[in-house]
Amino acid sequence: MHLSFLHQYLSEAQVARQRIVQAVNATDNTLLGKDVAPTIEVEVSNFGLRIYTTRDAGADKRYLRVTNFVMPNLSAFGGSTVGDGYAVHWHVPIDDHSHWKYIFAFSRDKELDEFLRTRSRVELTADYRLGRNAANRYQQDRASIKTQTFTGMGTNFQVHDAFATESQGRVQNRTAENPVSSDKAIIAARKLILNAIKDVREGREPQHVIRDPQANRFANLVVLSDVIPKSTDWKEYTRSRELK
Ligand SMILES: [Fe+2]
């Protein structure tokens with residue numbers, strides 16, 4: 001839902017430097033827009049959660065994305081550098097109601113160029129706040145909803161995310177929600193966090209806290225955005241991409 005609607009570009013001409021998924025010669029944006037009802041599976045791992053999202057990508061093909069929730073407050077997922085790197089978002093609390101979002105992107109193959117280094121900083125003020133914000137309704141242009149994005153809030157993913165997060169209010173009452181199958185990863189992440197809170201309250205070390213430097217290496221943290229044959233076992237495929 002998040003990628004197929006919130007971040008979907010209705011016209012790819014709007015966005016420079018789209019990554020091309022080689023197997024189908026199509027952009028991630030196109031693949032995400034074609035199948036808006038993905039299948040989601042979640043696995044608990046030593047760092048948190050591995051999330052498999054699969055979409056239809058033609059007669060005998062499947063679009064596989066593997067993203068990760070890293071305890072307690074990070075996510076690792078495919079951006080423009082997926083294939084030889086990936087992106088990480090780190091949500092660091094400032095107080096009980098707000099946080100700074102730190103964005104990392106890296107490539108194993110080559111230095112990040114100007115475009116990749118600055119793309120998330122467009123529309124930021126000098127003190128790293130969004131120019132488009134709740135006070136100005138994220139400068140929503142309702143006419144652009146028909147031709148550019150479903151949000152009408154421009155093409156910067158950071159603005160879409162801020163809108164989706166902030167518009168829920170300072171405290172979201174999760175007990176009044178009705179989660180559905182596309183929320184599987186959210187539900188699993190909350191369980192990990194609630195378990196960790198319980199552990200700390202009861203004087204135990206929570207799961208996923210690594211103290212041993214030897215164990216502080218996550219070769220199994222894999223990020224993928226690939227089109228694979230339908231006959232391929234996507235979990236096997238993902239395991240085969242773990243670092244040794
Ligand atoms: Fe997002």
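Colleague: Is glutamate 12 buried, partly exposed or exposed?

Modeller: Please keep in mind that this is a predicted model. Glutamate 12 lies in the loop between α1 and β1. Buried means under 20% relative accessible area and exposed means over 50%. Because glutamate 12 has a relative accessible area of 27%, the class for glutamate 12 is partly exposed.

Colleague: Leaving aside its neighbours within four places in sequence, which residues is glutamate 12 in contact with?

Modeller: A contact requires heavy atoms within 4.5 Å. With the neighbours within four places in sequence set aside, the residues in contact with glutamate 12 are Thr27, Asn29 and Thr30.

Colleague: How is the pair of rings of phenylalanine 5 and phenylalanine 150 arranged?

Modeller: The structure holds seven aromatic pairs. For phenylalanine 5 and phenylalanine 150, the ring centres are 5.5 Å apart and the planes stand at 45°. Planes under 30 degrees apart count as stacked and those over 60 as edge-to-face, so the rest are tilted. The arrangement of phenylalanine 5 and phenylalanine 150 is therefore tilted.

Colleague: Which parts of the chain does this pair link, and how many residues apart are they?

Modeller: Phenylalanine 5 belongs to helix α1, whereas phenylalanine 150 is in the loop between α3 and α4. The pair thus links distant parts of the chain, and the separation is 145 residues.

Colleague: What kind of aromatic pair do tyrosine 138 and phenylalanine 163 form?

Modeller: Tyrosine 138 is in the loop between α3 and α4, and phenylalanine 163 is in helix α4. Their rings lie 5.7 Å centre to centre, with 75° between the planes. An angle over 60 degrees counts as edge-to-face, and the kind of pair formed by tyrosine 138 and phenylalanine 163 is edge-to-face.

Colleague: Which residue caps the N-terminal end of α4?

Modeller: A side-chain oxygen of the capping residue lies 2.9 Å from the backbone nitrogen of glutamine 158. Glutamine 158 is one of the buried residues of helix α4. The cap at the N-terminal end of α4 is asparagine 156.

Colleague: Which elements do the buried residues of α4 pack against?

Modeller: The buried residues of α4 are Gln158, Val159, His160, Asp161 and Ala162. The elements they pack against are α1, β7 and β8.

Colleague: Which element gives the largest share of the nonpolar patch?

Modeller: Trp90, Ile94, Trp100, Tyr102, Phe104 and Tyr128 make a nonpolar surface patch of about 640 Å². Tyrosine 128 is found in the loop between α3 and α4. The largest share of the patch is three residues, and the element they come from is β8.

Colleague: Is arginine 65, which forms a salt bridge with aspartate 28, buried or exposed?

Modeller: The closest N and O atoms of aspartate 28 and arginine 65 are 3.9 Å apart, and the cut-off for a salt bridge is 4 Å. Aspartate 28 is in helix α2, and arginine 65 is in strand β5. Aspartate 28 has 12% relative accessibility and counts as buried. At 7% relative accessibility, arginine 65 is likewise counted as buried.

Colleague: Which residue forms a salt bridge with arginine 241?

Modeller: Arginine 241 is in the segment after α6, and its partner is in strand β9. The closest N and O atoms are 2.9 Å apart, and the partner is aspartate 226.

Technical notes:
Residues are numbered from 1 along each chain as its sequence is written. This is a predicted model: local features need pLDDT of at least 70, side-chain atom pairs count only at pLDDT 80 or more; totals for chains, interfaces and linings use all residues. Side-chain values use heavy atoms; hydrogens and water are left out. Buried means under 20% relative accessible area, exposed over 50%, partly exposed in between (1.4 Å probe, protein chains only). Helices (H or I, at least four residues) and strands (E, at least two) are DSSP runs, numbered from the N terminus. A polar contact is a pair of N or O atoms within 3.5 Å; within protein, one must be able to donate a hydrogen and the other to accept it, and residues adjacent in sequence count only if both atoms are side-chain atoms. Patches are made of residues with over 30% relative accessible area and no salt bridge: like charges are joined within 9 Å, nonpolar side chains (Val, Leu, Ile, Met, Phe, Trp, Tyr) within 5 Å. Accessible areas come from the Shrake-Rupley method with a 1.4 Å probe; for residues, only the protein chains shown count as cover. A salt bridge is a side-chain nitrogen of Lys or Arg within 4 Å of a carboxyl oxygen of Asp or Glu. Rings of Phe, Tyr and Trp (its six-membered ring) pair if their centres lie within 6.5 Å; planes under 30 degrees apart count as stacked, over 60 as edge-to-face and the rest as tilted.
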